[in-house]
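This report covers a sheet, the helix packed on it, and a few individual residues. The sequence and structure come first.

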Amino acid sequence: MSEQAQHESQLPARERAELLIDRVLENQFIWGLMGTEGWVMVDSETQTCLPLWPDEASVAFWQRKDLPDSKPQAIPLQEFTATWLPGLKKNQIAVMLFPSGSLREGIVTSADELLLQLADDNE
């Protein structure tokens, strides 16, 4: 693991979320975690969420022992915004931005909000 990825994984949740937006726009990829039965989802207090990261290294600081066969998977940003976000909205699945650490916490937001953030920061 790089020192940079380790440092970033220890930032407060809001800063990690902002970093995710910046990095995703820069690299044009967003990262999820693919398990043996599909994409890994988590439950927050009120809803099911798709956890997302800015790069492959960041996923390692969250990967769970109960998902030993899961692997980081890149999603092209254009595909994510055109296909994934509308699908997540339709299925009422939120996104969790850059969860990290033993508490696995991250900012939870809607698909619409993430799309707006990506569009606003891309201008």
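In which sense do strand β1 and β2 pair, and over how many bridges? In this predicted model, β1, which spans residues 29–35, pairs with β2 in the antiparallel sense over two bridges.

## The sheet

Strands of a sheet pair through backbone hydrogen bonds, either parallel or antiparallel. Here three strands make up an open sheet, ordered β2-β1-β5, with antiparallel pairing. Because β2 (38–39) and β5 (71–76) each have a single partner strand, they stand at the edges, and one side of each is left without a neighbour in the sheet.

Leu50 lies in strand β4 (residues 48–52). It counts as buried because its relative accessibility is 1%, under the 20% cut-off. Beyond its neighbours within four places in sequence, Leu50 is in contact with residues including Trp39, Phe80, Trp84, Leu88 and Met96.

Leu50 and Phe98 are 48 residues apart along the chain, and their C-alpha atoms are separated by 10 Å.

## Two residues with positive phi

Phe98, in strand β6 (residues 94–100), is not a glycine, yet has a positive phi of about 50 degrees. At 0% relative accessibility, Phe98 counts as buried.

Gln28 is not a glycine either, and its phi is positive at about 65 degrees. Gln28 sits in the loop between α2 (13–27) and β1. With 38% relative accessibility, Gln28 counts as partly exposed.

Note on methods: Residues numbered from 1 in each chain as written. Predicted model: local features only at pLDDT ≥ 70, side-chain atom pairs only at ≥ 80, totals over all residues. Heavy atoms only, no water. Pairing = 2+ DSSP bridges. Helix = DSSP H or I, 4+ residues; strand = E, 2+ residues; numbered from the N terminus. Buried < 20%, exposed > 50% of the residue type's maximum accessible area, 1.4 Å probe, protein only. Contact = heavy atoms within 4.5 Å.
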